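Colleague: Before we look at the details, could you take me through how you read helix packing and charged pairs in a model?
Modeller: Gladly; let us bring it up and go feature by feature.

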Amino acid sequence: MQTWFLELDRLLGRIERATTHYEALNLQRSASREDVLAAYQQTLEQLFPSYQISGAFPPDLRARLDRSFSLASAAFSVLADCCRRRDYDGTLSAAFRQPLPVPEEQLEVRNSIAQPEAFSLAGADEQERRRCSRLKIALPVRVTGHEQESGQWHEMSETIDASRTGVVIHLKHRVRHNRILHLMLPLPVKLRGHGFAETAYSVYAIVRRVIPLKDGVRAVGLEFIGEHPPAGWLDKPWAACRTRQWQSVNRRRMPRLSRAEPVTIEFLNEEQEVITTEQAVTESTSRGGARVRLETMPASFDLLRVTFTDHQHQALAIVVNQYVGKDGAVRAHLWFVEDDRVS
């Protein structure tokens, strides 16, 4: 452990003393894009090798880690993109080697780091339904969450898309709906609600949607809630956060009808094996989803198999929201999906 702290101190010192993005990642000017990716990944592995011990770091060390993460991420966002790197290289000279901020215009989405395969949390008419348009952009993001039993956890990930109101990211750590996470990412200035002069955007977000993909990875839709966590979060950072009900324009793609119908719900794990089975009643349904009332829900699951008792129709579904009603029963909002949407 002492050896690791010495190596960490040397790494932090190197990043803090760096006068160029190349020095921040310990790269030569001739480094290829693959070299940039490898150097950035190695830096992250050195900064955050063990999520279990990071909670014991003294405040000054955690502050240095956050600053170094911001500097390394800014370097990566410039050097991994050929257009930004070309413009940045043009500003460097042997006589003047001061650290340069990432110009706002270079953070336009047209110069984004990469263009990964898109993952949409809704259908093709999403542009008309969303409050803010969502853009494909791949940015490194450090996610911090809390569990009641194990405490604080961290995970390095990458955004799939982003908007002014939230992001979609890949996560291996299992998260639950309506939990609060803290994000640090080099979000473009035009998508920020605060921290315009900071290299890394620090923001709290609430989990809105969790969709299982492959190999234990989940696509997590997060809604930004601001620079500070909600009241009471510091006392129980692992607890669910209830937000006000949406009162504006109905953005559903399909009309939902009030309908009480008995259903059997099988809660499934990642391999679609049954964890437990519950009886429930629908309160409203549509072709794309339903709201059901049930007594209990397991703490961990990936999918649900819903069987409509009256006509024996089955559908796979994911939970997009859940809460406990005034009567003490659980309400779960379900989105029906096809097998290929979750494989």
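**Helix packing and salt bridges**

Modeller: This is a predicted model, and we can begin with helix 5 (residues 59-79) and helix 6 (residues 82-91), whose axes come within 6 Å and cross at roughly 105 degrees.

Colleague: How should I read the angle between helix 5 and helix 6?
Modeller: Angles of 65 to 115 degrees count as roughly perpendicular, and helix 5 and helix 6 are therefore roughly perpendicular to each other.

Colleague: Which residues of helix 5 and helix 6 meet?
Modeller: Ser-77, Val-78 and Leu-79 of helix 5 meet Arg-84, Arg-85 and Tyr-88 of helix 6, and by class this contact has three nonpolar, one polar and two charged residues.

Colleague: How many salt bridges does a search of the whole structure find?
Modeller: The search finds 12 salt bridges, and in one of them the side chains of Glu-223 and Arg-208 meet at 2.7 Å, N to O. Because Glu-223 lies in strand 7 (residues 218-226) and Arg-208 in strand 6 (residues 201-212), this pair ties together parts that are 15 residues apart in sequence.

Terms used: Residues are numbered from 1 along each chain as its sequence is written. This is a predicted model: local features need pLDDT of at least 70, side-chain atom pairs count only at pLDDT 80 or more; totals for chains, interfaces and linings use all residues. Side-chain values use heavy atoms; hydrogens and water are left out. Axes are lines fitted to C-alpha atoms, for helices over the stretch in contact, and angles run from 0 to 180 degrees between N-to-C directions. Helices (H or I, at least four residues) and strands (E, at least two) are DSSP runs, numbered from the N terminus. Angles under 35 degrees count as roughly parallel, over 145 as roughly antiparallel, 65 to 115 as roughly perpendicular and the rest as oblique. Contact means heavy atoms within 4.5 Å. Ala, Val, Leu, Ile, Met, Phe, Trp, Tyr, Cys and Pro count as nonpolar, Asp, Glu, Lys and Arg as charged, and the others, Gly among them, as polar. A salt bridge is a side-chain nitrogen of Lys or Arg within 4 Å of a carboxyl oxygen of Asp or Glu.
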